[in-house]
Amino acid sequence: MKVHHIGYLVKSIENAEKDLEQLGYCRKTQVVFDPVRNVDISFWENEGYCVELVSPKSEASVAYGLMKTCKNKPYHIGYLTGCIEEEIKRLKEAGYTQIDTPTEAVAIDGKRVCFLMSPDSGMIELVEICREH
Ligand code: NI
């Protein structure tokens, strides 16, 4: 599966953006508020490597609870998929647990995304390239 991005969970998106600039990353998007997940998001790129900064906006955010263990560090890798339902089915059969339902992500051009968890290698995000149905 092709890697789309590495997701970082950060307390201050402004401060993290300054760090990425120092490391040679270029901004791909402005900061976008995702009302479904209650987070601010921005995407950055460096020589083909794409980093997503995610910052919870309130304690109501699903990502807020993750701040206890994953603050200011990578916490998921996003992978490109075809039909997201087929890929979820395949990965669940392989031992992954589905965390949420496929939902459009405003920060990725409205593409549908879904999070899954492996007990052995952590959280991944599926990013649907194109809707086939
Ligand atoms: Ni992501």
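Here are a few questions and answers about this predicted model.

Q: What makes up the chain, going from the N terminus on?
A: The chain has three helices and 10 strands. Their order is β-α-β-β-β-β-α-β-α-β-β-β-β.

Q: Why is the chain called as compact as a globular protein of its length?
A: The globule rule gives 14 Å for 133 residues, and the radius of gyration of the chain is 14 Å, close to that value, so the chain is as compact as a globular protein of that length. Along its principal axes, the C-alpha trace spans about 40 × 30 × 30 Å.

Q: What share of the residues counts as buried?
A: A residue is buried when its relative accessible area is under 20%. Of the 133 residues, 42% count as buried.

Q: What makes a set of residues a nonpolar core?
A: Its members are buried nonpolar residues joined through side-chain atoms within 4.5 Å. The largest such core here has 17 residues, with Leu9, Ile41, Phe43, Val54, Tyr75 and Ile108 having the most contacts inside it. Among the elements that give two or more residues to this core are β5 (49-56) and β9 (111-118), while β4 gives the most, with three residues. In soluble globular proteins, nonpolar side chains tend to be buried together.

Q: Which residues does Ile108 touch, leaving aside its neighbours within four places in sequence?
A: Contact means heavy atoms within 4.5 Å. By that cut-off, Ile108 is in contact with His4, His5, Phe43, Val113, Glu125 and Val127.

Q: Which residues does the second, separate core include?
A: This core of nine residues includes Tyr79, Leu91, Leu116 and Ile124.

Terms used. Residues numbered from 1 in each chain as written. Predicted model: local features only at pLDDT ≥ 70, side-chain atom pairs only at ≥ 80, totals over all residues. Heavy atoms only, no water. Helix = DSSP H or I, 4+ residues; strand = E, 2+ residues; numbered from the N terminus. Rg over C-alpha atoms; globule rule 2.2 N^0.38 Å. Buried < 20%, exposed > 50% of the residue type's maximum accessible area, 1.4 Å probe, protein only.
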